[in-house]
Amino acid sequence: MDWHFVFSQALTQAIGPTMLVYALAAIGLNLQFGYTGLLNFGQAAFAAMGAYGLAIGVVVLDLPFWWGIGLGLASAVVLALLLGIPTLRLRADYLAIVTIAAAEIVRRTARATGLSEYTGGSDGMRGFSEPFFAMNPYPSEATWTFLFASMDGGRLKLDFLLFDLQYSNRDLWVMTVGWVLVAFFLVLLGLLVRSPWGRVLKGIREDEEAVRSLGKNVFAYKMQALVIGGLIGAVAGFLFALSRANVQPDTFITDFTFYLYVIIILGGAARLFGPVLGAALFWFLYSFLSQGLNQGIRSGAIPEDWLSATQVGPLVFFLVGLSMVLLLIYRPQGILGDRRELTLDVR
Amino acid sequence: MSDSEEAVTAEEQPSTVPAGIAAARAALADVPAEPGVPKLDPILNATGVRRAFGGLVAVDVAHLEVQRGAITALIGPNGAGKTTFFNLLTGFDRPNRGEWVFDGRRADRMRSYQVARAGMVRTFQLTKALTRMTVMDNMLIGAADQVGEGFWAGLVHPLWKRQEAANREKALVLLERFKLIDKRDDYAGELSGGQRKLLEMARALMLNPRMVMLDEPMAGVNPALKQSLLEHIKDLREEGMTVLFVEHDMDMVHEIADWVAVMAAGELITEGTPDQISADRRVIDAYLGAHHDAAER
Amino acid sequence: MSAAFAGLLLGLGVNSSAGAQEALGVHGTLEDQQDQPVAGVTITVADASGTEIAAVESGADGAWAVELDAEGTYVVTLDESTLPDGLLVRNGRPQLEVEVSSNRAVLFPLDTQLAEGVEPQQPGDDATDAGGESDSPEEETSDADTEDGEQLGAIEDEGGSTRAISLLVSGLHFGLMIALAAVGLSMVFGTTGLTNFAHGDLITFGGVMALMFNVAFGLPVWVAAILAVALGGAFGWAQDFGLWAPLRRKGIGLISMMIISIGLALLIRFATLFFFGGQRERYNEYVGQKPWDLGWLVIAPKEVVTGIIALVVCVAVALALLFTRLGKATRAVADNPALAESTGIDVNQVIRLVWTIGGALAAMSGVFLSISDGVKFDMGQHLLLLVFAAVVLGGLGTAFGAFIGSMLIGVFVQMSTLVIAPELKYVGALAVLIIIMLTRPQGILGRRERIG
């Protein structure tokens, strides 16, 4: 059994492009759910707004790349307003149901055959990422070696003996942009949640009527949180689309949002670094388990009649579900959470 | 101030009576005890307030004026509509009809947060401490007009740090007064029920309200804290604030209220000084009747 | 690995395909009979000894590629279960042995039917089934479905009014199926305040259990159905006993519980996928049942039977709520738990009962839907949103409202295909949900919530 391979894969994923997409989307959701208490179950729809806004803008409307980015952001704002205006005055679970329904509407509309002229149907769209990769500063044919790092035809390899990390030059570009974005949004949110503005959000999470009785326009704050979180979700959507050089409707299934919740709870809701830590851990564990089990089956360590290769995925996601339940019951504050909060009544 | 002197002697108060109570009692001394009676200087003036749930009329108050600077109690049997009326006045519920003026401004179309900003701040029957925030943060969130509560301004620390420091000073003074100073860095969820009531009141004062609306301030408070809460409420009057509170406990009403309004079945059935009210046959009937009804159900 | 699961991996963005500029390997492009690319299909490559080397998915352009380290003989397999419904490998050979000495192209011709004289390797999916269920609501729900043109064609060809009647009837039937699930969801919400995201998986549970009894144990479908409903009730009971009741005792908040229910939904769904696989399975009876042709309506007898049973059960539940002691207690708890408790009602016992009945009804819904459309591990997940829509439409927490809401949603979903593309009919229903939220959040029957 190739432990080197398993660890390398898991660690490569833990800081890789996909993890960054999840981390970004979770940062946005953390503002909504963690700090403000908004149950947005449609973060997938906001990511889809970003991804499809960019793709449709560039491919269908023939706009320049940055206009496509603008279109994606604008669509996310429009979606937030559409969902927020009717529901933010209602009970919390109404927003949950409406956002989850909206996410399904977006996905099913995007994959509809009748609209495939504009959305590419279930096959999705491509051909919008060239301007992004044209900006790629990492050369595609560099070859050098420096200590433990080596570059071979644009493929970076960091060899740490016990494991190695390998990324193509495209991955490196996506990761550079992704980590810069993560850092940017963490700084932004760090400033925001430590400001009086953030204090009002936390107050709303605890008891919105109390905050209302203190003269704060709760609806406006909730709307701001929904819009900003949605915008960060749309940025995650850009990165998702660009990292894979295509958009596909089924990327934005409801489970996408559910995994974001797992990530947030894992890292600790309303913890600034929670989403990043949670996403890294989620992807490490996910890759570690699936690669480990696959390796186990392949090497014969796990008998085929116990577990077949096709059952690995379901088993891993089963464990995701299980850990979500157990975390919320036994460690609702997450790994970064404050133990003191355990003694308080958690809603 | 000869009027007030007379009023005090009429009430046979000791000569060391504080100015606030003296002024309040004086202003209400000549007001006849009847529902909807006009006051000398009303801070709140409500007319024709009606709220029905389905077919059930919860509140139907023809007219009520609340005297500025006085402590007014709103009493009545269970289900009389006191809390609903409270919610209507503070914008937490919408009336079917009715209008009221608070401190010279129409308030019946205001949203709850606008009512609070206009200077009428409420507390809740079940305290609403923000449990996973510190006591200090609970206080600071109450501060009015903090520019840092805007999204863009919030990003720029220099814009709001001086105001924050001033608010912190003010909060410390209030916490000292409400004996919560040692708890300032604890989570509000760690406070006892009575301490939460105190915190809620202190937090309301961060807004510099002109009128404080207390919904059953004594509910669930142990006897030891009760007395200190009463003193705090009296202090509000001395600082020139108007207090309207919902209460069941007649002893407490007697001790601190300058004026009492009685509701039954959604309507205002009578008003008067505490002495007048406890002698009023209709009030006793209303309470007994309610008990009678409850027993039948 | 199922198609839906493949989609899920896509959703996670797992990068399984590496760059393929190397000289050695196998590659190809999957296209259907109309030369449209087919995405998300899993292709596995194994060496001569059968050890799997790589599994990749076709991209949006239908392309797939696997790099290989050494020349030699490899077995390339197209996983037919990951094909969009209706598509097959035309020559019936989804597994090819290829000699690789360069970057070699491997061709899998895809079509909706097998070429003549070819034995299917797997029983075909829904495409060959009888007309009575061609409009069945589940068809569009599977993630892998693309367009079911031919299947819907059967009804499309009929005259306008006949088609409207067919859709109305199938809408009523669908509504009853939703209602079975919605009443339980609504009662759980009413008594505990929990928005249970795992309720859809109780539906799947019923379908899967009946399948187990029917196919694995060889019992007739009606026996399997009864056992599945009983097990569904037991499952509901066990969930409350083992999870929800302890959580309530622990004082865990409603929002935490809602998220726990999401975890539970994932857990049940993937356990089902683990044990049962991702394909759509059918019971061994009533498949392709000969429909009754009434002239103005063509309907399969099974639809009539399941519809009537569902209606009777719904009416029975309604009567029980209205007239039995436990029913009244249930309504009292939904109305005001504290008050109910003080009048001597054992609130926890009532909630346990609600969970049991909710589980049984959801299981029944799952069994009946499966009789029409077959069982799939994610069938309940797709139905859940419609169940939510029905419950919200009727007013959260009222069983009667949930029933009316379900019927409206069922009919709306089916009838809307008169105007909009069938693939968008769920979109229409969900849009209605949002519009209801906007205009009448208390539902059509609910009362406006009292504040304070």
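## A residue to start from

Which loop of chain C holds C:Thr195? C:Thr195 sits between helix H3 (160-192) and helix H4 (199-216) of chain C, where helices are DSSP runs of H or I with at least four residues, strands are E runs of at least two, and both are numbered from the N terminus. This is a predicted model, in which local features need pLDDT of at least 70, side-chain atom pairs count only at pLDDT 80 or more, and totals for chains, interfaces and linings use all residues. Residues are numbered from 1 along each chain as its sequence is written, chains are lettered from A and ligands numbered from 1 in the order in which they are written, and side-chain values use heavy atoms, with hydrogens and water left out.

Is C:Thr195 buried or exposed? With a relative accessible area of 6%, C:Thr195 is buried (under 20% relative accessible area; exposed is over 50%, partly exposed in between, with a 1.4 Å probe and protein chains only). Leaving aside residues up to four places away in sequence, C:Thr195 touches A:Asp93 and A:Ile97 of chain A, along with C:Phe189, C:Met258, C:Ser261 and C:Phe388; contact means heavy atoms within 4.5 Å.

The contact draws 66 residues from chain A and 68 residues from chain C.

One salt bridge is found here (a side-chain nitrogen of Lys or Arg within 4 Å of a carboxyl oxygen of Asp or Glu). C:Arg269 pairs with A:Asp255 in a salt bridge, with the closest N and O atoms 2.9 Å apart. Several helices of chain A each supply at least two residues to the side that touches chain C, including helix H5 (92-110) and helix H13 (274-299). H5(A) gives the most, with 14 residues.

## Where chain B meets chain A

Between chain B and chain A, about 3,200 Å² is buried, and carbon and sulfur atoms give 60% of that. On the chain B side, B:Arg132, B:Glu149 and B:Phe151 lose the most area to chain A, together 24% of what that side buries. The contact takes 35 residues from chain B and 33 residues from chain A.

The count of salt bridges between these two chains is five. B:Glu164 forms a salt bridge with A:Arg199, where the closest N and O atoms are 2.7 Å apart.

## Inside the chains

Chain A contains 14 helices and six strands, and 64% of its 347 residues are buried. In chain B, helix H2 (residues 19-29) is largely enclosed by the rest of the structure, because eight of its eleven residues are buried. Among them are B:Arg25, B:Ile21 and B:Leu28.

## Annotated spans

The unreviewed UniProt entry lists "transmembrane region" in chain A at several spans, including 172-193 and 258-286; positions follow the numbering used here, feature names are shortened, and annotations may be inferred rather than shown by experiment. Residues 172-193 of chain A are 100% helix, with end C-alpha atoms 31 Å apart. Residues 258-286 of chain A are 79% helix and 0% strand, with end C-alpha atoms 15 Å apart.

How values were computed:
Buried area = accessible area lost by both parts, 1.4 Å probe.
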